[in-house]
Amino acid sequence: LARLIGDTEEDIQLAVTANAAQVLARFDDIEWVSQLIDGTFPDVKQIVPREFGTRVDVGRDSLLNAVRRASYFARENNDVVRLAIHAGEDDMTPGSVEVTANAAERGNSESFVDASISGGELQIAFNSRYLADVLGVLKHGTVTLGLNGANQAGVVRPSGGDQYSHVIMPMVIGGQ
């Protein structure tokens, strides 16, 4: 709904059904409906990792630009973008995130983004569209990636805060 609304200046009409099972939003020439799904949902607090083996603090714009560049090449390869986390050689040297993608017909993309790395180095692959989506939503200058391994969920947050967390599942790639 937030994406549909965008920067509209129009009034938005919201209505909730009597049983509180649906919500309707109307503005401009758009009608948007959402319905509650019956079922037992997992405890979100148990899904989101609290501690990370690798923590990456990186500029949102730089990482987003690198992911967007790589996504052009990733389209032919199931939208796979690989992130290789490299720690700095010492405390005075910044680490880096290497963002790569390849396509048989188009070639390869390789970008390096400076980052502050805590913990071990690792390689992980994500769907470029999902990663670009979350980075596009965050408006903070720096984001934190919390990672625990190539086959475990990653968490993306604005640096210095935990009011927003986005869990992103990795893509399991052979040979990792």
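Guide: What follows goes from the whole chain to its sheet, its helices and a few side chains. This is a predicted model, in which local features need pLDDT of at least 70, side-chain atom pairs count only at pLDDT 80 or more, and totals for chains, interfaces and linings use all residues. Residues are numbered from 1 along each chain as its sequence is written, and side-chain values use heavy atoms, with hydrogens and water left out.

Visitor: How many helices and strands are there in the protein chain?

Guide: Helices (H or I, at least four residues) and strands (E, at least two) are DSSP runs, numbered from the N terminus. The protein chain has four helices and 11 strands. Its C-alpha trace spans about 60 × 40 × 35 Å along the principal axes.

Visitor: What share of the residues counts as buried?

Guide: Buried means under 20% relative accessible area, exposed over 50%, and partly exposed in between (1.4 Å probe, protein chains only). Of the 176 residues, 36% count as buried. The accessible surface (Shrake-Rupley method, 1.4 Å probe) comes to about 11,100 Å², and 47% of that belongs to carbon and sulfur atoms.

Visitor: In what order do the eight strands of the open sheet lie?

Guide: Strands of a sheet pair through backbone hydrogen bonds, either parallel or antiparallel. Here two strands pair if DSSP finds at least two bridges between them. The order is β8-β5-β6-β7-β4-β9-β10-β11, with antiparallel pairing. The edge strands, each pairing on one side only, are β8 (122–127) and β11 (166–168). Neighbouring strands of this sheet are turned by 30 degrees against each other on average, direction ignored. For such angles, axes are lines fitted to C-alpha atoms, for helices over the stretch in contact, and angles run from 0 to 180 degrees between N-to-C directions.

Visitor: Which strands does α3 touch as it packs on the sheet?

Guide: Contact means heavy atoms within 4.5 Å. Helix α3 touches β4 (54–59), β5, β6, β7 (107–119) and β9 (142–147), and its direction makes about 20 degrees with that of β6. Helix α4 (residues 128–137) lies across β5, β8, β9, β10 (154–158) and β11, at about 90 degrees to β8.

Visitor: Over how many bridges do β5 and β6 pair?

Guide: Strand β5 (residues 80–86) and strand β6 (residues 95–103) are antiparallel over five bridges. Apart from neighbours within four places in sequence, the contacts of Thr-100 include Ala-70, Val-81 and Glu-110. The C-alpha atoms of Thr-100 and Ala-70 are 6.0 Å apart, although 30 residues separate them along the chain.

Visitor: Why is β9 described as largely enclosed by the rest of the structure?

Guide: Five of its six residues are buried, so β9 is largely enclosed. Strand β9 is joined to β4 by six antiparallel bridges, and it pairs with β10 over four, also in the antiparallel sense. Thr-144 of β9 stands opposite Asp-57 and opposite Arg-157 in β10. The hairpin of β9 and β10 has six residues between the strands, where Gly-149 takes a positive phi near 145 degrees.

Visitor: How do β1, β2 and β3 pair?

Guide: Strands β1 (residues 13–16) and β2 (residues 22–27) are antiparallel over four bridges, while six bridges join β2 to β3 (residues 30–35), again antiparallel. The β1 and β2 hairpin has five residues between its strands, and Ala-20 in the turn has a positive phi of about 60 degrees. In the hairpin of β2 and β3 there are two residues between the strands, and Asp-28 takes a positive phi near 45 degrees.

Visitor: How many aromatic pairs are counted?

Guide: Rings of Phe, Tyr and Trp (its six-membered ring) pair if their centres lie within 6.5 Å; planes under 30 degrees apart count as stacked, over 60 as edge-to-face and the rest as tilted. The count is one aromatic pair. The ring centres of Tyr-72 and Phe-73 are 5.2 Å apart and the planes are at 90 degrees, so the pair is edge-to-face. Tyr-72 is partly exposed at 39% relative accessibility, whereas Phe-73 is buried at 16%.

Visitor: Which residue lies over the face of Tyr-72?

Guide: A charge sits over a ring if NZ of Lys or CZ of Arg is within 6 Å of the ring centre and within 35 degrees of the ring normal. Arg-106 lies over Tyr-72, at 4.3 Å from the ring centre.

Visitor: Is Ser-71 buried or exposed?

Guide: Ser-71, in helix α3 (residues 60–74), is buried, with a relative accessible area of 17%. Leaving aside neighbours within four places in sequence, Ser-71 contacts Val-81 and Ser-128.
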